[in-house]
Amino acid sequence: MTTHTTTAGTSTDDRPVPGVLPVRPGKIIAVHLSYASRADQRGRRPVDPSYFLKPSSSVATSGGVVERPAGTELLAFEGEIALVIGSSAHRVGIDEAWQHVGWVTAANDLGLYDLRAGDKGSNLRSKGRDGFTPIGPALLDARTLDPAALRVRAWVNGVLAQEDTTDGLLFPLARIVADLSQHLTLEPGDVVLTGTPAGSSVVVPGDVVEIEVDAPGAPEAPSTGRLVTRVVQGDVELDGALGSLPVVDDTQRAEAWGSRSAAGLEAEADAEEATGALSPALRDKLSRTPVAALSAQLRRLGLNNVTIDGVRPLHPGSKLVGTARTLRFVPGREDLFESHGGGYNAQKRVFDAVGPGEVIVIEARGETGSGTLGDILALRAHARGAAGIVTDGGVRDADAVTAVGIPVYTAGAHPAVLGRKHVPWEADVAVACGGTTVQPGDILVGDADGVIVVPPQLAEAVASAALAQEEEDAWIAGQVAAGSPIKGLFPMNAEWRARFDAWRAAR
């Protein structure tokens, strides 16, 4: 694995330049979610980068094979930009972080989704197997590269599957290096895998995966060349007497393949949608409709008490659209908590049963003196494909819940556990949340303005009217921005109405 701009074994400074990447780098650190395209595909955007470790024994070189173990099905590739540390970095700032990167190359962060459940997030077995980190083939001198102008591409059997640039990163490469250096010393030869863009999917025995990193805008357009890995079938099954066996469900299939449709689950998803009030087309329409616009249209129909008051989003930039799955808490009483609060109670049953596209709505009487959910339950709802969570009570482990990425609306944060103020009582009944009644199957829409309840039978008409009004308001705003006075324009008189109608007809 020769470098692109140096002779193997030589350097113009004091950095050790490997003729080939060390087979056993001191440590391999990988970023979970770093590209906007991948984060949007997963339905969550992390606020800060998070990481996991891969063993150095997982490193492989170009032209090798990777084994899919017997009894598994979800081996997925991930094309990534790999940074090879050239000089020790300890508590360095963003401005100087890139100076500690010696080389850039391509990597394939292979993972076996069948084993994710048993690792509880560490990824040790799912991503740490021998051969699961092919790297190479050439090393590009980082000093000659603009870290904001790198590109990664992946091909499967010659067909382009992934393409993105570092301009699409949520966290710049220098920030990742600087962040890691404040927690541990990055040493020469260490490898940082910087995350994968959208397009990662499942590969099967016989497939050939190729990864390339280049800088198309730089002089001479330096490239690592293609990192080639062929998938083969293993013949040794895992021993359940020694540890957890592969576990696969539709959630893992959808994440491994990249989407439900790619995993062959689209028909089932359509069947789920058809049983509820929210078709894919209506869901899309509501996702484009501001809550304020829906509120105005519902008020025109005489519905004023449809907002869930007092709750704010943990992710103000996220949109919430889904059908209600309800949970009711009653005021805390020690004897009742003893009979209803432990074991597989109503709260746990709802989070285990929530379906794709549903919103868990919790009646907590506006009592924020304890949490009504924490990060474990948020993770479970996210894994089940829930559209979000709305509670007029508190959230415990608020930072961890936020990091999960599922849209959550809450009246506040509180460190206390559920039993301090609440008893989980019943599910799938009409509840009172934030001063309004929510029935199972009601449609909820949320954005930075708050959450509104839309009766299913009115949703299509209300959404269409709201979008039409939004178009009209946007046109009026454009006229005002151009210098027109408000009088006669907002609301529009006959003259302005005629101008608007003519504009719309000409579109």
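**Strand pairing and a buried threonine**

Author: Strand E17 (residues 320-331) pairs with strand E18 (residues 358-363) in the parallel sense, over six bridges. Strands here are DSSP runs of E of at least two residues, helices are runs of H or I of at least four, and both are numbered from the N terminus. Two strands pair if DSSP finds at least two bridges between them.

Reader: Before we go on, what sort of model is this?

Author: This is a predicted model, where local features need pLDDT of at least 70, side-chain atom pairs count only at pLDDT 80 or more, and totals for chains, interfaces and linings use all residues. Residues are numbered from 1 along each chain as its sequence is written, and side-chain values use heavy atoms, with hydrogens and water left out.

Reader: OK. Which residue does Thr-323 stand opposite in E18?

Author: Glu-358.

Reader: And how does E17 pair with E26?

Author: Antiparallel, over four bridges, with E26 covering residues 443-447. Gly-322 has Leu-444 as its bridge partner there. E17 also runs antiparallel to strand E23 (residues 422-427), joined by five bridges, and Leu-327 is partnered with Ala-427 in E23.

Reader: Is E17 enclosed or open, then?

Author: Largely enclosed by the rest of the structure, because ten of its twelve residues are buried. Buried means under 20% relative accessible area, exposed is over 50%, and partly exposed is in between (1.4 Å probe, protein chains only).

Reader: Switching topic: what's the strand order in the seven-stranded sheet?

Author: The order is E2-E1-E12-E6-E7-E9-E3, in an open sheet with mixed pairing. E2 (51-54) and E3 (59-60) are at the edges with a single partner strand each, so one side of each has no neighbour in the sheet.

Reader: How do E1 and E2 pair?

Author: Antiparallel, over four bridges, with E1 at residues 28-31. Ile-29 has Leu-53 in E2 as its bridge partner.

Reader: Where's Thr-194?

Author: In the loop between E12 and strand E13 (208-214). Thr-194 is buried, with a relative accessible area of 0%.

Reader: What does its side chain reach?

Author: The side chain of Thr-194 reaches the backbone oxygen of Ile-81 at 2.7 Å.

Reader: Which residues is Thr-194 in contact with?

Author: Leaving aside neighbours within four places in sequence, the contacts of Thr-194 include Val-31, Tyr-35, Leu-83 and Leu-173. Contact means heavy atoms within 4.5 Å.

Technical notes
A polar contact is a pair of N or O atoms within 3.5 Å; within protein, one must be able to donate a hydrogen and the other to accept it, and residues adjacent in sequence count only if both atoms are side-chain atoms.
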